[in-house]
There are 2 protein chains.
Amino acid sequence: MDVIVGIDIGGTSTKFGLVDLNGKVHYQSKIPTASHEKFEGFISELSKAIKKSANELSDKVEIRGIGIGAPNANYYRGTIEEAPNLRWKGILPIVEIIKGNFNVPVVITNDANAAAMGEMIYGGAKEMKDFIVITLGTGLGAGIVCNGKLVLGHDGFAAELGHVIINPRGRQCGCGRKGCLETYVSATGIKRTVYKMLADHLEESELRGISFHDLSTKMIAEYALRGDVVAKDAFEYTGQVLGAKLADTVAHTNPEAIFLFGGLSLSGDLIFEPTRKYLEQTLMPIYKGKVKLLPSGLQNQSAPILGASSLVVSQLNA
Amino acid sequence: MDVIVGIDIGGTSTKFGLVDLNGKVHYQSKIPTASHEKFEGFISELSKAIKKSANELSDKVEIRGIGIGAPNANYYRGTIEEAPNLRWKGILPIVEIIKGNFNVPVVITNDANAAAMGEMIYGGAKEMKDFIVITLGTGLGAGIVCNGKLVLGHDGFAAELGHVIINPRGRQCGCGRKGCLETYVSATGIKRTVYKMLADHLEESELRGISFHDLSTKMIAEYALRGDVVAKDAFEYTGQVLGAKLADTVAHTNPEAIFLFGGLSLSGDLIFEPTRKYLEQTLMPIYKGKVKLLPSGLQNQSAPILGASSLVVSQLNA
């Protein structure tokens, strides 16, 4: 059986899976990302774990390629560069090292681009040539597809939609600037909004009893469903900021659909309804009623691995 | 000699030219756009003028294709749709009619997309795969190229960057919304800025003696070069709005360069310096120092015709 290895490198753990050419995940496992002082040690452990898993699955498994989703990945250079949430600094030539261990095509890109490729090959965008995936996690990532191809940009850093500016005098962002979209729309963003609302308003709310560190998106969603005014308003406000900003994004690439993936997007109508409302309200007339706002078709545990593996599928088919 | 016809349809006049496959314009003429009550009458006159010009040039001229740049053009349907500055309303099947008259490939797209194709084939973007052209005229248009291909979008209406929103409570726009980029950055936009400044400030300025209708971009540039404070501030402010907004656009498609074409861009340093300064200042760190802001390589009379003809060149080469 021919398989592609999908690898999803996160700050804490690195997941990998063996995916057949139809997108079925046959084996899935993970190793800790942070336990090796040297990057080479980490890659060595990861390579061994992959080879072992292939042998365990069947002695007829043949690895055809490896796709990697990682933070601060440079597609063109095959590197991870100055990733703030990894312990290894500098420029890591990951593609070269893994190619050396397996001698198959190896492709790397950032997590959100991997999600967009996954959506196109296995998810809700199978028939689409122009769409956008927004990944909502601790931050906000995006993958843009135009003319059936991922937009990587001249330096490989396209689609940093988490860092378009909502308000130049707004919230401090980790990138060093102020008012970036992800300071409002992300797991951290909606928490900041809850605390802003608790500061601005007088309404009683169960959220007044919870510390910033203890609060999660899931809790805000639970309170909102129970009718908590602050929690409901926080979702409304988050959808307003996202919807209005996506109207500008539509004026760039005129996508058929925008998919929301992960984290906040799992709150369903709480986030989709206001986002859709404010998107529609803000869109330029020629776009009104034409852009679908959809949940990702890959909302499950294997999505990052599928996304990463799909990078290679698209290259093998090219 | 093989030629491609480039047609540039404007509200007042329609220019056309015969362009050889190296981008040399051999013949150029125009007819009035608005003198025919019926669209069919206009196309008939245009077709005759083109055939006559080909015969005049040489009896060995062979027309290989026709490219059209027009307002509200739909590339996919080959139509002009509800163009506010043309006298014919509804949906005009221009490609079908012209194909009937010439029996060669005919392509249409909006003026700014034509400018971007022209830039790629004949202008400053010959070696580029990822760039953006901003056309500054009465309004602001744009053409986006990613992976070496024009981004048309799902409905053929991509790159309406004149209508990304700067300030939701800002200036009234012709599109029915408020605060669109082109209400600040365009020939009309900078005039509005001059009048806002004359209202807000007390500085003496020669501009206080000129009516809104009499004022032109060229005059504002002349006053600015002579040291008029209001005129200089108006350029500074226009560059600030454009530069800051282009930083968001870079976060979408990570272009190698952004070209400014026509109108305001002919004011040179007056517009390029502040735009470059605020773009650089606003860019996310990973993009800083990487995006070129350049004048179009097609800043001459034949540019719209070259742009329109290049649409067909790219299709013949595909």
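## Domains of chain A

Chain A is divided into domain 1 (2-117 + 301-316) and domain 2 (127-295), with bounds that come from an automatic or database domain assignment. The centres of domain 1 of chain A and domain 2 of chain A, taken over C-alpha atoms, are 28 Å apart. Where they touch, domain 1 of chain A contributes 10 residues and domain 2 of chain A contributes 11 residues; two residues are in contact if their C-beta atoms, placed from the backbone, lie within 7 Å. Helix H3 (residues 111-121) of chain A supplies six residues, the largest share of the side of domain 1 that touches domain 2. That side divides into six nonpolar residues, three polar and one charged. Here Ala, Val, Leu, Ile, Met, Phe, Trp, Tyr, Cys and Pro count as nonpolar, Asp, Glu, Lys and Arg as charged, and the others, Gly among them, as polar.

H3(A) is mostly covered, with 10 of its 11 residues buried. A residue is buried if 20 or more other C-beta atoms lie within 10 Å of its own, exposed if 12 or fewer, and partly exposed in between, with C-beta atoms placed from the backbone. The buried residues of H3(A) include Asp111(A), Asn113(A), Met117(A) and Glu119(A).

## Model and numbering

This is a predicted model, in which local features need pLDDT of at least 70 and side-chain atom pairs count only at pLDDT 80 or more, while totals for chains, interfaces and linings use all residues. Residues are numbered from 1 along each chain as its sequence is written, and chains are lettered from A and ligands numbered from 1 in the order in which they are written.

The average pLDDT of chain A is 93, and 99% of the residues score at least 70; pLDDT is the predictor's confidence in each residue, from 0 to 100. For the model, ipTM is 0.91 and pTM is 0.92.

Strand E10 (residues 140-146) of chain A has seven of its seven residues buried. Helices (H or I, at least four residues) and strands (E, at least two) are DSSP runs, numbered from the N terminus. From E10(A), Leu140(A), Ala142(A), Ile144(A) and Cys146(A) point one way, and Gly141(A), Gly143(A) and Val145(A) point the other way. In a regular strand the side chains alternate between the two faces of the sheet.

Strand E9 (residues 131-136) of chain A pairs with E10(A) in the antiparallel sense over six bridges; two strands pair if DSSP finds at least two bridges between them. Ile132(A) has Ile144(A) in E10(A) as its bridge partner, and a hairpin of three residues joins E9(A) to E10(A). E10(A) is also joined by two antiparallel bridges to strand E11 (residues 149-150) of chain A, where Lys149(A) is the bridge partner of Cys146(A). Two residues lie between E10(A) and E11(A) in their hairpin, and Asn147(A) in the turn has a positive phi of about 55 degrees.

In chain B, five strands form an open sheet with mixed pairing, in the order E11-E10-E9-E12-E13. Strand E11 (149-150) and strand E13 (292-295) of chain B stand at the edges with a single partner strand each, so one side of each has no neighbour in the sheet. Strand E12 (residues 257-261) of chain B and E13(B) run parallel and are joined by four bridges. Ile258(B) stands opposite Leu293(B) in E13(B).

Gly143(B) is in strand E10 (residues 140-146) of chain B. Gly143(B) counts as buried because it has 30 C-beta neighbours inside 10 Å. Not counting residues up to four places away in sequence, the residues that Gly143(B) touches include Ala112(B), Ala116(B), Val133(B) and Leu150(B). Between the C-alpha atoms of Gly143(B) and Leu294(B), 151 residues apart along the chain, the separation is 15 Å.

## How the two chains meet

Chain B contributes 33 residues to the contact and chain A contributes 33 residues. On the side of chain B that touches chain A, E10 and helix H6 (229-253) of chain B are the elements that give two or more residues. H6(B) gives the most, with five residues. That side of chain B divides into 16 nonpolar residues, nine polar and eight charged.

Chain B is superposed on chain A by a rotation of 180 degrees with 0.0 Å of shift along its axis (RMSD 0.0 Å), which is the relation of a two-fold axis. Copies are superposed by least squares on the C-alpha atoms of residues with pLDDT of at least 70 in both. The copies meet through the same surface, because 100% of the interface residues of chain B are also interface residues in chain A.
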